[in-house]
Amino acid sequence: MHQAGDDVNYSPEMAIHHAILSLLDQDESYGYELRAELERSVGPQWGQLNIGHVYQLLERLKRDEMVEIVRCEPQPRRTERVIYAITDAGRQELAEWLETPSPPSTGYRDDLYLKLAAAARAGESTLRAVISREREALLGELHALRTLAANEKDPLVALLIDGATLQIQARTELLDRAEHTAGQLSQPVRKHQRHQRRSAANAQRSPFAA
């Protein structure tokens, strides 16, 4: 469990480091095996993991005493295979993570939200063009995910692909709503509202205001 002031910050890799702990909770393992098992368990939609990144996370976990090296196994014509095991502190961290609800991975500071806001300020034609490009990209992602789901035999991986599909569908619905109200969202309305707020603020600062 982390105390205030602890130098422990895995974000945005927090989910991966917890996934490593969950695998080590089942059995001892090493970097390449952990990477292969992570990729197999979460599915192809997650993307490939860099082995160097996996070993960086293992080093951080070892530094924070959540995992430990239990032995090194010789390999012919290769460096020794370093075997890791979870510690009691790692099990406690894993248990707390499993018991804590997960917020959105980026909170609500989403790049798409900022892009829609900027496009709306630029005017209706810019907003509609951005919506069109974003929707086209999302539909491509959606097609790829549905292709993965159709060929997936592992029910857990299929469920995770469904989760990714639902996220894409939610973003597509947001774009649909933005397109439907593009005229209201675009610059003229926003500029008028900004002038109103500025006038109200100036009136409050005026020494002659009631």
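I started at the hairpin of E1 and E2, which has 2 residues between the strands. There, Arg77 takes a positive phi near 60°. Strands here are DSSP runs of E, at least two residues; helices are runs of H or I, at least four; both are numbered from the N terminus. This is a predicted model: local features need pLDDT of at least 70, side-chain atom pairs count only at 80 or more, and totals for chains, interfaces and linings use all residues. Residues are numbered from 1 along each chain as its sequence is written, and side-chain values use heavy atoms, without hydrogens and water.

I then looked up the pairing. E1 (residues 67-75) and E2 (residues 78-86) run antiparallel, joined by 7 bridges; strands pair if DSSP finds at least two bridges between them. Gln75 stands opposite Arg78 in E2.

Next, Ser29. I found Ser29 in the loop between helix H1 (14-26) and H2. Ser29 counts as buried because its relative accessibility is 5% (buried: under 20% relative accessible area; exposed: over 50%; partly exposed in between; 1.4 Å probe, protein chains only). Beyond neighbours within four places in sequence, Ser29 is in contact with Leu24, Leu34, Val82, Ile83 and Tyr84 (heavy atoms within 4.5 Å).

Last, H7. How far apart are the end C-alpha atoms of helix H7 (residues 155-180)? They are 37 Å apart, which agrees with the 38 Å that its 26 residues should span (1.5 Å times one less than the number of residues). I noted buried residues in H7, including Val157, Ile161, Ile168 and Leu175. What covers the buried residues includes helix H2 (31-42), helix H5 (111-122), helix H6 (124-151) and helix H8 (182-185).
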